[in-house]
Amino acid sequence: MRTREGLVEEVYNCVRTRTPLSSIHIPHSDVFFVREALEARFDCELSLFQVEEYMREAGWKDSGDN
């Protein structure tokens, strides 16, 4: 079974190949929560990338953003 975006598999692959986790983009937990809320409200499916972009356009900043 594969997770929706394959993010967990990417993390496991990094561990398996000893690749730094910094080599993949792991969205902030806020993005996951917002996606769940939007999908429930609008009965649709959104990618993490889409939600993160929408959030940034609305003024949200990841704690890692400068």
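Buried means under 20% relative accessible area, exposed over 50%, and partly exposed in between (1.4 Å probe, protein chains only). This is a predicted model, in which local features need pLDDT of at least 70 and side-chain atom pairs count only at pLDDT 80 or more, while totals for chains, interfaces and linings use all residues. Residues are numbered from 1 along each chain as its sequence is written, and side-chain values use heavy atoms, with hydrogens and water left out.

The structure holds three salt bridges, each a side-chain nitrogen of Lys or Arg within 4 Å of a carboxyl oxygen of Asp or Glu.

| Salt bridge | Distance, N to O |
|---|---|
| Glu39 and Arg4 | 2.2 Å |
| Glu5 and Arg35 | 2.9 Å |
| Glu52 and Arg56 | 3.4 Å |

Glu39 and Arg4 meet in a salt bridge. This pair links distant parts of the chain, with Glu39 in helix H2 and Arg4 in the segment before helix H1 (7–17), 35 residues apart. Helices (H or I, at least four residues) are DSSP runs, numbered from the N terminus. Glu39 is buried at 11% relative accessible area, whereas Arg4 is partly exposed at 43%.

Glu5 and Arg35 also form a salt bridge; Glu5 lies in the segment before H1 and Arg35 in helix H2, 30 residues apart. Arg35 is buried at 6%, and Glu5 is partly exposed at 29%.

Glu52 and Arg56 both lie in helix H3 (residues 48–57), four residues apart, about one turn of the helix. Glu52 is buried, with a relative accessible area of 5%, and Arg56 is partly exposed at 31%.

Methods:
Helices (H or I, at least four residues) and strands (E, at least two) are DSSP runs, numbered from the N terminus.
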